[in-house]
Amino acid sequence: MRPDDLIDPAVAAADAVVPLPVDLRPLDAELEQSGARARLMLHGRTQPTRYFVIDLRARLLSDYAADRSAGGVGTDVIAGPSPVSRGQVEVRRQSIAPAPPTVVAQAAAPAGPAVVFDVRVALFVAAVASAALILGAIGSGVIPH
Amino acid sequence: MVPGYFLRLRSKPMAPDVHVSHLDSAGELDLAARAQTDPAAFARLFDEYMPRVYAFIARRVEDRAAAEELTAATLHRALRAVRAGVLQESSFGGFVYRVAASAIVDRVRRGRRAIPPGLRASDLDEGTDREVAEAIGAEAAARAFAAAVDRNVLRRSFEAIPDAQFRVILVRYFDGLDIAEASAALGCSQRSFAVRVNRALRALSSALNNEATGAA
């Protein structure tokens, strides 16, 4: 949030009555009309797409739902001063007693070679084997030539 | 001077316009306050302002994706402000137009030089960088507004007045914002905005007279 984004209420509420000299009135009216015409000319280009509107709306409103699911109320939480003084939370090195090594490798059975079964390869192998059997049978005379 | 004819006394633009707010200021303040915890209140503000803010940006940023990105960033900041409760006494509409106007200028700044992450683009401004960025950011709007002006002499007069005054003319007449939103977009008080419009019109009128004298 930038400080200059906030509008000072006292300044914003300042009286805006400024008389317009009569000789500027035609120019004021002409510019009014030109502006209205320009906005109409650009109307299609300056309309957001429906998808963008719906998507952005949902994203922004999900901010509330996220707070509810987190159990918060949606306002920023600023940590106050800690009741524990800095001296009390010093980290001290502790001695670590050496422990006997633990064998964990026996827990898992050694894995064998992985065979990936592929239906297409199996069909191809079956077809080749069948062809070899038939050719072998013809060659050996089991099947008359 | 005609009694009763005042600059921007009305809260709505004269010309029929689809970009007119339907919320009064009290209703808007109430919605902004409730929106801190009530998603329905924020949804109402979103429905009211999102198309108008998008249009404001799209008149200046011709690339649709970039306009969507800036609109989303603007409304994200508005949501954060509402939820943090910092808009209790301020106009939601004024806030979003102010953020949108800044976002457009920042985009120009980032297009002109590399801004390291974590830095505000305006932090690296030097000399007239801000004025130049504001002028570039208003170029597309200036072209579109000039195209809708009937008189050639008036169109030429636009170029004879200072950029800052022409931007006041753009926000006032081209965008058709009400005074609270327009003054917020330019970062000044409502009275200051009305005075600036008055001065810009005077300068434009002088430029018109000069054009007419030169033509004669």
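Q: Which residues are in contact with Ile104(B), beyond four places in sequence?
A: Ile57(B), Arg60(B), Val61(B), Leu70(B) and Gly137(B) are its contacts once neighbours within four places in sequence are left aside. Two residues are in contact if their C-beta atoms, placed from the backbone, lie within 7 Å.

Q: What kind of model is this, and how are residues and chains labelled?
A: The model is predicted: local features need pLDDT of at least 70, side-chain atom pairs count only at pLDDT 80 or more, and totals for chains, interfaces and linings use all residues. Residues are numbered from 1 along each chain as its sequence is written, while chains are lettered from A and ligands numbered from 1 in the order in which they are written.

Q: Why is Ile104(B) called buried?
A: Ile104(B) has 27 C-beta neighbours inside 10 Å. A residue is buried if 20 or more other C-beta atoms lie within 10 Å of its own, exposed if 12 or fewer, and partly exposed in between; C-beta atoms are placed from the backbone. The count meets the cut-off, so Ile104(B) is buried. Ile104(B) lies in helix H4 of chain B. Its C-alpha is 7.4 Å from that of Leu70(B), a residue 34 places away in sequence.

Q: Why is Ala160(B) called partly exposed?
A: The count for Ala160(B) is 14 C-beta neighbours inside 10 Å. Ala160(B) sits in the loop between helix H7 (152-158) and helix H8 (163-174) of chain B. Beyond four places in sequence, Ala160(B) touches Ala207(B) and Asn210(B).

Q: Why does Ser25(B) count as partly exposed?
A: Ser25(B) has 17 other C-beta atoms within 10 Å, so the middle class applies. Ser25(B) is in helix H1 (residues 25-34) of chain B. Across 155 residues of chain, its C-alpha is 9.7 Å from that of Ala180(B).

Q: What makes H8(B) mostly covered?
A: Of its 12 residues, 9 are buried. Among them are Phe166(B), Val168(B), Leu170(B) and Phe174(B). Arg167(B) and Arg172(B) are buried too. Gly176(B), with a positive phi near 65 degrees, follows H8(B).

Q: What is the largest nonpolar core, and which residues have the most contacts inside it?
A: The largest nonpolar core has 63 residues. Those with the most contacts inside it are Val53(B), Ile57(B), Val96(B), Tyr97(B), Ala100(B) and Ile104(B). A nonpolar core is a set of buried Ala, Val, Leu, Ile, Met, Phe, Trp, Tyr and Cys residues joined through C-beta atoms within 7 Å. Val96(B) touches Tyr49(B), Val53(B), Thr74(B) and Ala78(B), leaving out residues up to four places away in sequence. In soluble globular proteins, nonpolar side chains tend to be buried together.

Q: How do you know how H4(B) and H9(B) are packed?
A: Two packed helices are described by the angle between their axes and the distance between the axes. For H4 (residues 92-112) and H9 (residues 179-186) of chain B, the angle is about 35 degrees and the axes are 7 Å apart. Residues making the contact include Gly93(B) and Tyr97(B) of H4(B), and Ala180(B) and Ala184(B) of H9(B). Axes are lines fitted to C-alpha atoms, for helices over the stretch in contact, and angles run from 0 to 180 degrees between N-to-C directions.

Q: How many helices and strands does each chain have?
A: Chain B has 10 helices and 1 strand. Chain A has 4 helices and 1 strand, in the order α-β-α-α-α from the N terminus. Helices (H or I, at least four residues) and strands (E, at least two) are DSSP runs, numbered from the N terminus.

Q: How much of each chain is buried?
A: In chain B, 43% of the 216 residues count as buried. In chain A, buried residues make up 10% of 145.
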